[in-house]
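Reader: Can you walk me through this one? Keep it brisk, please.
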Amino acid sequence: MDIFLQQIINGLVLGSIYALVALGYTMVYGILGLINFAHGEVVMIGAMVALAAIHALTGTALPGPVIVLMGLLIAIPACMLLGYGIERVAYRPLRHAPRLAPLITAIGVSIVLQNLAMIVWGRQYIAFPPLLPNDAYVIAGASITLLQIFIFLLATAIMVGLIFLVKRTRLGRAMRATAQNPEVAGLMGVNVNTVISATFIIGSALAAVAGLMVGAYYGLAHYYMGFLLGLKAFSAAVLGGIGNLGGAMLGGLLLGVIESLGAGYIGPLTGGVLGSHYQDVFAFFVLILVLVFRPSGLLGERTAERA
Amino acid sequence: MNLLEVRGLKVSYGGINAVKGIDLEIRAGELVALIGANGAGKSTTLRALAGLERPAGGTVHYQGHSITRQPTHQLVRKGLVLVPEGRGIFGRLTVEENLHMGAYCRDDAKGIKADLQRVYARFPRLQERNHQAAGTLSGGEQQMLAIGRALMSRPRLLLLDEPSMGLAPLMVQKIFETIRAIAAEGVTILLVEQNAKLALETSHRGYVLESGLITLHDEARALLSNQKVRHAYLGE
């Protein structure tokens with residue numbers, strides 16, 4: 001009866017995936033001030049590579065979850081390499097160019113990757129084989145599947161790990177210092193190019209995980225899946241305050257919940273005129289509201305403070 | 001042997017020749033002042049030495065090796081450290097994180113810890129605020145932090161760009177006391193200052209930079225009594 005709790009659960013699971021992708025946008029923005037519009041495509045490539053590996057292994061004697069895990073372990077380094085390559089080839093030569101140039105290049109990279117994926121994997125939807133147990137538990141009238149629990153826990157664990165990396169390690173400190181003032185970071189002995197590469201590599205690893213999660217969650221992948229997902233995750237990053245890690249996490253979760261609740265209630269509220277397929281509208285509605293009323297996002301406080 | 005040897009250094013940016021071919025020598029253990037008016041090219045010179053500007057000509061030798069076009073982050077490992085104009089504090093990092101950034105190239109955990117204590121002993125104010133965001137410090141405290149952070153990298157040659165800028169007189173004195181103390185500990189220092197009198201009183205030797213050219217260089221005491229310097233830079 002009560003779809004509220006159900007939509008909250010669905011929203012948090014979806015939102016944790018958005019959060020992983022949003023982190024990739026926000027980390028790159030924090031360091032370079034660049035919106036890496038090709039990031040959604042990295043997620044798509046992650047899903048495609050993982051699925052290709054999974055299809056190749058399906059039918060072997062390996063248990064299903066192991067096959068999925070191996071798909072993930074292949075997709076992660078593939079995406080890391082891709083993210084590193086994108087920065088080297090498409091963004092680094094434009095480091096000192098006007099801001100519009102890398103932005104347009106990002107869109108170009110995005111189109112190239114989409115078409116490449118279409119050539120390699122075709123235009124059709126690729127199904128995710130039923131390798132994972134789909135047991136469901138019922139809590140207070142809402143059902144939650146094992147896969148949903150697993151996605152949420154893995155995403156949370158990764159985010160905790162990322163916070164530790166950024167707050168507590170030498171690389172993380174160098175990343176934060178570079179984000180604030182790359183020139184002075186260089187004066188401390190930080191190789192700024194290495195830090196920028198590391199940022200792309202880490203963000204792309206998260207994208208690979210998110211790609212596989214989306215594929216497993218919806219049961220399919222497609223060469224065009226990165227576009228909408230990327231835009232939504234970007235909206236989530238802006239909602240939380242772009243450049244802010246905590247903001248990307250909060251924005252992702254919030255956007256997932258808003259979208260789920262919207263999809264659940266839009267039908268009854270409009271007397272059936274608009275159905276749940278309008279759920280994609282909510283992300284962009286939220287994006288517009290944020291840009292109008294709080295352009296710095298929920299947790300953003302990017303004020304000039306450089307001495 | 002000279003620790004630093006600059007020959008015919010030229011730097012230009014944005015179509016302006018800011019430094020037009022200067023020679024500089026610094027011996028190990030010296031404290032040398034580079035003085036001059038606003039826009040004479042002092043900061044540009046320091047930035048070029050630290051690898052932040054690409055020289056258009058000339059050579060820079062440090063410890064006998066050419067470093068003319070080496071990237072900044074490699075120079076730090078060799079002990080050539082710049083405290084930039086405006087201090088360059090990482091405002092959203094804590095005071096202690098800023099100091100750790102100074103030791104970024106080192107991996108001797110014990111030595112870093114000992115040096116951290118030494119910096120805190122030198123600047124107790126920094127210890128009191130060690131977990132505060134550095135952006136909340138006053139200007140003087142930020143300058144202490146910038147110098148403390150540079151010391152964390154164990155510099156052999158310390159380049160100081162306008163350390164007294166924007167500070168209250170009492171704080172200026174405190175900063176210059178610190179500079180003298182660091183020099184007395186054996187760190188070689190090249191000091192760029194608008195406050196020519198204080199800079200020359202603190203230094204062994206001085207160079208006068210005018211529109212991108214060295215027009216005078218001598219013992220600091222001699223420069224202090226030089227008619228031209230007195231007139232142009234000491235306001236007499």
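Author: A definition to start: two strands pair if DSSP finds at least two bridges between them. Helices (H or I, at least four residues) and strands (E, at least two) are DSSP runs, numbered from the N terminus. With that, strand β9 (residues 205-210) of chain B and β10(B) run antiparallel and are joined by 6 bridges. Glu210(B) has Leu213(B) in β10(B) as its bridge partner.

Reader: Where does this model come from, and how is it numbered?
Author: This is a predicted model, where local features need pLDDT of at least 70, side-chain atom pairs count only at pLDDT 80 or more, and totals for chains, interfaces and linings use all residues. Residues are numbered from 1 along each chain as its sequence is written, while chains are lettered from A and ligands numbered from 1 in the order in which they are written.

Reader: What ipTM and pTM does the predictor give the complex?
Author: The ipTM is 0.93 and the pTM is 0.92.

Reader: And what is the mean pLDDT of chain B?
Author: It is 94, and 100% of the residues of chain B reach 70 or more. pLDDT is the predictor's confidence in each residue, from 0 to 100. Chain A averages 92, with 97% of the residues scoring at least 70.

Reader: Which element of chain A has the lowest mean pLDDT?
Author: Helix α11 (residues 279-293) of chain A, at 86. The highest is helix α8 (residues 192-218) of chain A, at 97. Two residues are in contact if their C-beta atoms, placed from the backbone, lie within 7 Å.

Reader: Back to the sheet with β9(B). In what order do the strands come?
Author: The order is β6-β7-β8-β3-β9-β10 (chain B). That is an open sheet of 6 strands with mixed pairing. β6 (80-83) and β10 (213-219) of chain B are at the edges with a single partner strand each, so one side of each has no neighbour in the sheet. From one strand to the next, the twist averages 15°.

Reader: Which helix packs on the sheet?
Author: Helix α1 (residues 42-49) of chain B. It touches β3 (31-36), β6, β7 (157-161), β8 (188-193) and β9 of chain B. Its direction makes about 150° with that of β7(B). Axes are lines fitted to C-alpha atoms, for helices over the stretch in contact, and angles run from 0 to 180 degrees between N-to-C directions.

Reader: What else does α1(B) lie across?
Author: β1, β2 and β4 (57-62) of chain B, at about 65° to β2(B). Those strands belong to an open sheet of 4 strands, in the order β2-β1-β4-β5 (chain B), with antiparallel pairing. Its edge strands, β2 (16-27) and β5 (65-66) of chain B, pair on one side only.

Reader: How many bridges pair β1(B) with β2(B)?
Author: 9, in the antiparallel sense, with β1 covering residues 2-13 of chain B. Asn2(B) stands opposite Arg27(B), and Lys10(B) stands opposite Lys20(B). The hairpin has 2 residues between the strands, and Gly14(B) takes a positive phi near 55° there.

Reader: Ile112(B) next. Which helix is it in?
Author: Helix α4 (residues 109-122) of chain B. Ile112(B) has 17 C-beta neighbours inside 10 Å, so it counts as partly exposed. A residue is buried if 20 or more other C-beta atoms lie within 10 Å of its own, exposed if 12 or fewer, and partly exposed in between; C-beta atoms are placed from the backbone. Leaving out residues up to four places away in sequence, Ile112(B) touches Ala103(B) and Arg106(B).

Reader: What share of each chain is buried?
Author: In chain A, 49% of the 307 residues. In chain B, 45% of the 236 residues.
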